[in-house]
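This report describes a predicted model. It covers the cores, the salt bridges and a few individual residues.

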Amino acid sequence: MWRDADFRRLWAGQTASQLGEHATLVILPLFAVLTLDAGAGRLGVLRAVGQAPVLLLSLFVGAWVDRWRARTVMVLTDAGRALALGAAAVAGLLGLLGLPALFLVAFAVGALSVFFDVAYQASLVRLVARDQLVRGNSALEGSRSAAQTGGPALGGALVSLLSAPVAAASGALLFALSFLSIRRIGRSEPVPERSERPPRMTRRIHEGLRFVAGDASLRAVCLASAAFQFFFAATMTVYLLFLPRELHLSGTAVGLALAATGPGALLGSVLAARLPGRFGHGAVLMAAAALGDGAFLCVPALHASSAVTVPVLLAAGFVFGAGGQLVNVTVMAVRQAVTPDGMQARAAATVTFVGMGLAPLGSLLGGFLAEEWGLRTGLLVTAACMLLSPVVMALSPLARLGRVLPALPGHAGPCSP
């Protein structure tokens, strides 16, 4: 696969794009705090504005992307994000950028990122053979994991060493590099079929929802994802309070504990290219989900005076990252294998919408439990409830998947890694 120049261009473009996206998640808030002197309330609004497009647009984007070439969508969204951040950087250097304009930039970058993320998930199926999906997803998810770790660090370093406007310009440069790389993909991508009178957007969304709801494996993916995201949001709300208040960790130690998931995710991406084909997709999903989701169960037993506190936190984060990424890559390959090409974007958007839709409520639950039951008990309860996700998988057809993924009707044969 790596001998395929077009796949390398997709990988390079996606890596630059993800690095720019995750760096921007740090750069824009720091821009607001350091340059515009925003308070906590306005900073919270800025972050919410940037995250809102995932819930507001995912289903519509999925229906729209299925009618266009994925490469075209990715190129246009990269150009749009580069222009938005570039404009913010210039305005910031000239002292003309206020908070309302920064809100618009955050929403624009967030909205365009939804388009890019849905399109790149659909693009792989149109670029590589189905028997290469697991390896392709492993490579792409590996770069995304690296970006999740390196992007925030890069954004923070750029703001600290240079300035917020220059850091924003650097983010624009990363999106421009992604634009140039993906634009060079030469493989002809068929134009999705369009009728003379295309169906309404709501009908296309309904078709995506009905398709996912009608497939037992995809239903299980949605339910397991929703359970995980809900209780993960609750867990992280308590966890971010538990580390400094109960364990009295410094900001550096907290950052190290959170960053440990990145190297673990890289390992999970590598393992995802090998383990499903050897032990079976179902077995790998069950083991990885149970191990990763259960990693935080040891954290409530830690105390500030213990010499093993930080090493255990690092180990828990590493195991969680490895297990979670192994699940992500394997589930994505399953979804792509059972979904027709013309439904890829809508299926991805539907799973994202259902999975992420409950996360804000999970965060509220975590805060409530921390106040009512205390940080240690709240963390134990929410971490234990994350294990509901592998239980859902175990009771579904996902648990029975073997070393070979099922093939769609009309394709040459089954999919294997």
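## The largest nonpolar core

Leu285, Val327, Met393 and Leu398 touch the most other members of the largest nonpolar core, which has 26 residues. At least two residues of this core come from each of helix H8 (216-245), helix H12 (281-293), helix H13 (309-338) and helix H14 (344-357). H13 supplies the largest share, eight residues.

Leu285 is in contact with Val327, Thr330, Val331, Met393 and Leu398, leaving aside its neighbours within four places in sequence. Another core, of 25 residues, lies apart from the largest one, and its members include Ala84, Leu85, Ala172 and Phe175. In soluble globular proteins, nonpolar side chains tend to be buried together.

## Overall composition

The chain has 17 helices and zero strands. Of its 417 residues, 49% count as buried. The accessible surface of the chain is about 18200 Å², and carbon and sulfur atoms make up 66% of that area.

Among contacts in the chain with a separation of 6 or more, 88% are between residues 24 or more positions apart.

## Helix H3 and its end

Helix H3 covers residues 70-93, which is 24 residues. From its first C-alpha to its last, H3 reaches 35 Å, close to the 34 Å expected at 1.5 Å a residue. Gly95 follows H3 and has a positive phi, near 75°.

A nonpolar patch on the surface is formed by Val90, Leu94 and Leu96, which together have about 330 Å² of accessible area. Of these, Val90 lies in helix H3. Val90 counts as partly exposed because its relative accessibility is 49%.

## Salt bridges at Arg81

How many salt bridges does a search of the whole structure find? There are three. In one of them, the side chains of Glu21 and Arg81 meet at 3.7 Å, N to O. Glu21 lies in helix H1 (residues 5-35) and Arg81 in helix H3, so this pair ties together parts that are 60 residues apart in sequence. Glu21 and Arg81 are both buried.

Arg81 also forms a salt bridge with Asp78, where the closest N and O atoms are 2.9 Å apart. Because Asp78 and Arg81 are three residues apart in helix H3, about one helical turn separates them. Asp78 is buried, as is Arg81.

## The salt bridge between Arg376 and Glu246

Arg376 and Glu246 meet through their side chains in a salt bridge of 3.2 Å, N to O. Arg376 is in helix H16 (residues 375-385) and Glu246 is in the loop between H8 and helix H9 (251-259), so that the pair links distant parts of the chain, 130 residues apart.

Are Arg376 and Glu246 buried or partly exposed? Arg376 is partly exposed because its relative accessible area is 24%, and Glu246 is partly exposed because its relative accessible area is 31%. Elsewhere, salt bridges that share partners join Glu21, Asp78 and Arg81 into one network.

## A buried aspartate and an exposed leucine

Asp293 is found in helix H12. Is Asp293 buried or exposed? Asp293 counts as buried because its relative accessibility is 6%, and the cut-off for buried is under 20%. Leaving aside neighbours within four places in sequence, Asp293 is in contact with Phe228, Ala288, Phe320, Ala383, Met386, Leu387, Ser389 and Pro390.

Leu395 is found in the segment after helix H17 (388-394). Leu395 counts as exposed because its relative accessibility is 72%, and the cut-off for exposed is over 50%. Leu395 and Ala220 are 175 residues apart in sequence, and their C-alpha atoms are 8.6 Å apart in space.

Conventions: Residues numbered from 1 in each chain as written. Predicted model: local features only at pLDDT ≥ 70, side-chain atom pairs only at ≥ 80, totals over all residues. Heavy atoms only, no water. Helix = DSSP H or I, 4+ residues; strand = E, 2+ residues; numbered from the N terminus. Buried < 20%, exposed > 50% of the residue type's maximum accessible area, 1.4 Å probe, protein only. Contact = heavy atoms within 4.5 Å. Areas by Shrake-Rupley, 256 points an atom, 1.4 Å probe, with all protein chains shown as cover. Core = buried A, V, L, I, M, F, W, Y, C linked by side-chain atoms within 4.5 Å. Expected span 1.5 Å × (residues − 1). Salt bridge = Lys/Arg side-chain N within 4 Å of Asp/Glu carboxyl O. Patch = residues over 30% accessible without salt bridge, like charges linked within 9 Å, V, L, I, M, F, W, Y side chains within 5 Å.
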